[in-house]
Amino acid sequence: MYNILTEIQTAPLPESRNKWRGRVPNWDQYNEEKWHRIYMIPHQCTKETKLRALQYKILHSSVATNSQLHRIGFVQSDLCTFCQRERETIDHLFVQCTHINILWTDLQSWLSRNLQRPDNQINFSSEDIFFGRLNYDELINNIILLTKHYIAYMPVNSMDQSQMLLEK
Ligand SMILES: [Zn+2]
């Protein structure tokens, strides 16, 4: 584990990180040290290959969203799977979609109620959702990544069911 982290810390940063310019607030604060920490998060918060692979795709902006699949003629519509109103980009799918927003809001309330944390209130910024939290909160980062995997691979009609589960 230590070797992997050392390798990541010293490896050259992928150029694809520049695709995030203008998509996250405070872009000027994204220095090399911050990016190295961001790239380490999926190695620290999970051992699941499928979760690490998804986060790697998100970081490289290479998730197969409907807008990408539409461009190569793979699907008929570039609209969002959930709201059917906006183009399905990575930013829309994981953060901006009103349907997905409800899921994040419910999850934050559920976590705030059920995790015994001193601040008692858990809020995710768009950066937390895209990259994970930089305070090395492994449990929260694991839950955020699991939720993104759920969103990316969820059958559309199970959305109502997921809200019911969170309400219990
Ligand atoms: Zn949507």
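At what angle do helix α3 and helix α8 pack, and how far apart are their axes? Before I answer, please keep in mind that this is a predicted model, in which local features need pLDDT of at least 70, side-chain atom pairs count only at pLDDT 80 or more, and totals for chains, interfaces and linings use all residues. Residues are numbered from 1 along each chain as its sequence is written.

Helix α3, residues 49–59, and helix α8, residues 138–153, pack at an angle of about 80°, with their axes 10 Å apart, where axes are lines fitted to C-alpha atoms, for helices over the stretch in contact, and angles run from 0 to 180 degrees between N-to-C directions. The two helices are therefore roughly perpendicular to each other, given that angles of 65 to 115 degrees count as roughly perpendicular, those under 35 as roughly parallel, those over 145 as roughly antiparallel and the rest as oblique. On the α3 side the contact is made by Lys50, Leu51, Leu54, Gln55 and Ile58, and on the α8 side by Leu145, Leu146, Lys148, His149 and Ala152, a contact between two residues meaning that their C-beta atoms, placed from the backbone, lie within 7 Å. By class, this contact of α3 with α8 has six nonpolar, two polar and two charged residues (Ala, Val, Leu, Ile, Met, Phe, Trp, Tyr, Cys and Pro count as nonpolar, Asp, Glu, Lys and Arg as charged, and the others, Gly among them, as polar).

Let me turn to the other partner of α3. Helix α2, residues 32–45, packs with α3 at an angle of about 165°, with the axes 9 Å apart, and that makes α2 roughly antiparallel to α3. From α2 the contact takes in Tyr39, Pro42 and His43, and from α3 Leu51, Arg52, Gln55, Tyr56 and Leu59; these residues divide into five nonpolar, two polar and one charged.

Now for the chain as a whole. There are nine helices and zero strands, helices (H or I, at least four residues) and strands (E, at least two) being DSSP runs numbered from the N terminus. Of the 168 residues, 21% count as buried, that is, with 20 or more other C-beta atoms within 10 Å of their own, whereas 12 or fewer means exposed and anything in between partly exposed, the C-beta atoms again being placed from the backbone.

The C-alpha atoms of Leu107 and Ile122 are separated by 9.2 Å, the two residues being 15 residues apart along the chain.
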